[in-house]
Amino acid sequence: MATIPRLYIDAPLAASGLVALDDEQSNYLLRVLRLEDGAPVRVFNGRDGEWSASVKKASARRAEVTLTGQTRPQTGQIRPPLTLLFAPVKKDQTDLIIEKATELGAARMVPVLTERTQTRTVRTDRFRKIALEAAEQTERLDLPEIADAAGLDAALDALPEGMAVIFCDEAGEEAEAPWGGEAGRARPMLEVLAGLKGRPAAILTGPEGGFAPAERAYLRGRAETWPVSLGPRILRAETAAISAMTLWQAVCGDWK
Ligand code: SAM
């Protein structure tokens, strides 16, 4: 049986309500999916759980949905919450980071403009659209928050008190070394996570050129910050972000 389409609607959801859809949502249901009157859909708004509904053609180009019943109660956010602080990289790879972070349950994402970040123009409206579509597909009941881009200090200073920062550090102990290689690597992430269970955490990954020596020295000296190694190879930024979130979910998150 084809999956029943699932739509995020920013409107109150209550029994036997009728909810009007916007142009984009109407176009998706009526012209892309070619749904007829009465076709089933599922809707969620991040507050009232998920509801079954049926499509109602209000006009040739406009659709509404008639709510029929709640299929899933609203559950709280994933506890503890995971934040991803990521240096934006090339467009497609950054899109991948946003999509995968949504699937992997990130509660909040912050594009961090570090010294070596090459991509300085950050389209958060685009990121929010990618995250919304990924939340619909991954059956989340909430949307991750996509914060505006911030510098490294500002992004860290804005974190809630006591949040553990997991600093993906490919360069090891040597602040000046471009790559830790065989010497001075940070502790394996899995080992570090064993001591961070139950704590809200922020994973930090750098740009294509890595973190600058001054940034790395600052991060390694910062309280509540744990440098971690993701193994003996240099991962692309998107691979590092996805790998680190996967490990965190498996040890500290909701993959139990
Ligand atoms: N400095 C690297 C080099 O010399 O080519 C490039 C940085 S890497 C492409 C982008 C980011 O991914 C890094 O800043 C780090 O946050 C993360 N990363 C990549 N490989 C890693 C590893 N083995 N351990 C920890 N973090 C890693």
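What follows is a short chat about a predicted model, its ligand site, its strands and its domains.

User: What are the ground rules for this model and its numbering?
Analyst: This is a predicted model: local features need pLDDT of at least 70, side-chain atom pairs count only at pLDDT 80 or more, and totals for chains, interfaces and linings use all residues. Residues are numbered from 1 along each chain as its sequence is written, and side-chain values use heavy atoms, with hydrogens and water left out.

User: Ligand first. Which residues come nearest?
Analyst: Cys168, Glu170, Leu230, Arg233 and Leu235, out of 20 residues around the ligand. A residue counts as near if one of its heavy atoms lies within 4 Å.

User: What does Glu170 do there, in terms of atoms?
Analyst: One of the polar side-chain atoms of Glu170 sits 2.6 Å from a ligand nitrogen atom. That is a polar contact, meaning a pair of N or O atoms within 3.5 Å. Within protein, one atom must be able to donate a hydrogen and the other to accept it, and residues adjacent in sequence count only if both atoms are side-chain atoms.

User: And Arg233: which part of the residue, backbone or side chain?
Analyst: Backbone. An N or O atom of the Arg233 backbone is 2.7 Å from a nitrogen atom of the ligand. Leu235 also brings a polar backbone atom, 2.9 Å from a ligand nitrogen atom.

User: How much of the ligand's accessible area does the protein cover?
Analyst: 89% of the 580 Å² that the ligand has on its own. Accessible areas come from the Shrake-Rupley method with a 1.4 Å probe; for residues, only the protein chains shown count as cover.

User: Switching to strands. How do E3 and E4 pair?
Analyst: Antiparallel, over five bridges, with E3 at residues 40-44 and E4 at 50-57. Strands (E, at least two residues) and helices (H or I, at least four) are DSSP runs numbered from the N terminus. Two strands pair if DSSP finds at least two bridges between them. Val43 has Trp51 in E4 as its bridge partner.

User: What about E4 and E5?
Analyst: Also antiparallel, with eight bridges; E5 spans residues 63-72. Ser54 is bridged to Thr66 in E5, and Val55 stands opposite Val65.

User: Last one. How far apart are the domain centres?
Analyst: The C-alpha centres of domain 1 and domain 2 are 35 Å apart. An automatic or database domain assignment sets the bounds: 6-72 for domain 1 and 82-252 for domain 2.
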